[in-house]
Amino acid sequence: MNFFEQELRRVADACGGVINPTFAGRACYADLGGDNRGKLEFVKQGTVDSYEALKVTVLNRSEGEVDSLLFRFSDVWGKKHDKGYNGGIPHIWTNDRKTEWYFYKPTDADVKKFATEVGAYIGVFADRSIVPEKTQGKPKTSEKDSVIKEIRESKPKSTTRKTSQARKKSEPDL
């Protein structure tokens, strides 16, 4: 596994909209449902061997490219150092056949933040029936729990009885 695949896996694993990721070279392809696919790839922004962004492209099998968006590391994470090469912006750098993060290696929290933004974009084009529901930290319900919930929701709600005036206790007037 090369460096690009390793880092793309980190993003894909943290991203809710990436279903059945397939890795090829420096790109990750994901099923978005129907004829739509997503392509994630690290791209250069004008500096040789310096990858400063992740480009996400939505492809349709019959129509070609539908849309694309560039997620710059500096837009998501900001600068990590005040001085130095590339103005302190985190980026991937290839030098002497070795590829690694330069200045700053993103933490799992950084990757999750990045993946949240990518997932929100991909979610616009994803088939909602194949995207797993977000549990937002809650444990997933078991099949038994979901059946019980469905039964409870299908029961007609009971109506409250009106109490007749004769049954109400009369309170003394003040």
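Reader: Hi! How many aromatic pairs does the count come to here?

Author: Hello! The count comes to ten aromatic pairs. Rings of Phe, Tyr and Trp (its six-membered ring) pair if their centres lie within 6.5 Å; planes under 30 degrees apart count as stacked, over 60 as edge-to-face and the rest as tilted. Please keep in mind that this is a predicted model, where local features need pLDDT of at least 70, side-chain atom pairs count only at pLDDT 80 or more, and totals for chains, interfaces and linings use all residues. Residues are numbered from 1 along each chain as its sequence is written, and side-chain values use heavy atoms, with hydrogens and water left out.

Reader: Thanks! Why is the pair of F71 and F114 edge-to-face?

Author: The ring centres of F71 and F114 are 6.2 Å apart and the planes stand at 65°, so this pair is edge-to-face. F71 is in strand 5 (residues 64-72) and F114 in helix 3 (residues 108-125), so the pair links distant parts of the chain, 43 residues apart. Helices (H or I, at least four residues) and strands (E, at least two) are DSSP runs, numbered from the N terminus.

Reader: Are F71 and F114 buried or exposed?

Author: Both F71 and F114 are buried. Buried means under 20% relative accessible area, exposed over 50%, and partly exposed in between (1.4 Å probe, protein chains only).

Reader: And why is the pair of F73 and F114 tilted?

Author: For F73 and F114 the ring centres are 5.7 Å apart and the planes are at 55°, so that pair is tilted. F73 lies in helix 2 (residues 73-77) and F114 in helix 3, so the pair ties together parts that are 41 residues apart in sequence. F73 is buried too, as is F114.

Reader: Which residues form one aromatic cluster?

Author: That cluster is made of F3, F4, F42, Y51, F71, F73, W101, F114, Y121 and F125.

Reader: Switching topic: how many residues does the largest nonpolar core have?

Author: The largest nonpolar core has 30 residues. Such a core is a set of buried Ala, Val, Leu, Ile, Met, Phe, Trp, Tyr and Cys residues joined through side-chain atoms within 4.5 Å. Those with the most contacts inside this core are L40, F42, L54, V56, F114, V118 and I122.

Reader: Which element gives the most to this core?

Author: Helix 3 does, with six residues. Among the elements that each supply at least two residues are helix 1 (3-14) and strand 2 (27-33).

Reader: What does I122 touch?

Author: Leaving out residues up to four places away in sequence, I122 touches G17, V18, L32, L40 and V56. Contact means heavy atoms within 4.5 Å.

Reader: Now the backbone: what is phi of N20 near?

Author: Phi of N20 is near 45°, a positive value in a residue other than glycine. Most residues other than glycine have a negative phi. N20 lies in strand 1 (residues 19-24) and is exposed, with a relative accessible area of 55%. R97 is not a glycine either, and has a positive phi of about 65°. R97 is found in the loop between strand 6 (91-95) and strand 7 (98-102), and counts as exposed at 84% relative accessibility.

Reader: Last one: how many helices and strands does the protein chain come to?

Author: The secondary structure comes to four helices and seven strands. From the N terminus on, the elements run α-β-β-β-β-β-α-β-β-α-α. Of the 174 residues of the protein chain, 31% count as buried.
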